[in-house]
Amino acid sequence: MSSVYKQFIVSPQFAVVGASSSRAKYGNKVLRWYQGNGLKVVPVHPKEAEIEGLAAISSIEQLQDPASTSVSVITPPKVTLGVLEACKRLGISRIWLQPGAEDASVLAFAKDNGMDIIAGGPCILVQGPGLLAERGKL
C-alpha cells in the first residue's frame, strides 16, 4: 500500500465533503461506506443538518480536529478547488478526491501547494475494502 493511501486510511476520523441525503448519490454511498465499516465520519453539506442519522456540518472549517481528519471529496471541480484551499488553511493533508471531483485547475492547485492528494480514481468504494484490511494490520 502506498504511503498516501496508508496515511489516509489510518486517520482517527473522516469527513465526506459533498455528502448527500439521496441514497442514489455517491456522496451518500461513500458516507455509508465509512459508517458501515465502523469508522468515525462526519458529513459535510452546506444545507443539510443531518444525513444518515449523523449531524452534518456546513463546511470543513467546523471540523473539531481538522489536522487529524482524512477528507473524501465528492463535489464538482469548481467546488473542490475551494475545498482544497480550505484544507490547506486548516492543515488537512489527507485528501481523497473521488472520481469526477478534479479537473486540471484542481490538480494544478494541489501540485503547486505541495499537497499529496489521492486523485484520478479509483473510488474509495473500490479501493477501500483492501485498505481496511491493511488498516487492521497497522
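**Exercise 1.** How many nonpolar, polar and charged residues does the lining of the second largest pocket have?

*Solution.* The model is predicted, so local features need pLDDT of at least 70 and side-chain atom pairs count only at pLDDT 80 or more, while totals for chains, interfaces and linings use all residues. Residues are numbered from 1 along each chain as its sequence is written, and side-chain values use heavy atoms, without hydrogens and water.

Step 1. List the lining (residues with an atom within 4 Å of a pocket point): Q13, F14, K40, V41, V42, I57, Q62, L63, Q64, D65 and T69.

Step 2. Sort by class: 5 are nonpolar, 4 polar and 2 charged.

Step 3. Assign elements: β1 and β2 each supply at least two lining residues.

**Exercise 2.** Describe the largest pocket.

*Solution.* Step 1. About 230 Å³ of space lies in this pocket.

Step 2. Of its 15 lining residues, V17, V44, P46, T75 and V79 are closest to the centre.

Step 3. The lining has 8 nonpolar, 6 polar and 1 charged residues, and α3 contributes the largest share, 4 residues.

**Exercise 3.** Which residues have the most contacts inside the largest nonpolar core?

*Solution.* Step 1. Such a core is a set of buried (under 20% relative accessible area, 1.4 Å probe) Ala, Val, Leu, Ile, Met, Phe, Trp, Tyr and Cys residues joined through side-chain atoms within 4.5 Å.

Step 2. Among the 22 residues of this core, I60, L84, I95, L97 and M115 have the most contacts inside it.

Step 3. α3 gives the most to this core, with 4 residues.

Conventions
Buried < 20%, exposed > 50% of the residue type's maximum accessible area, 1.4 Å probe, protein only. 1 Å grid on protein atoms, 1.4 Å probe; cavity = no way out; pocket = protein on both sides within 12 Å on 5 of 7 lines; lining within 4 Å. Points joined across faces, edges and corners; volume = space filled by probe spheres on them. Nonpolar A, V, L, I, M, F, W, Y, C, P; charged D, E, K, R; others polar.
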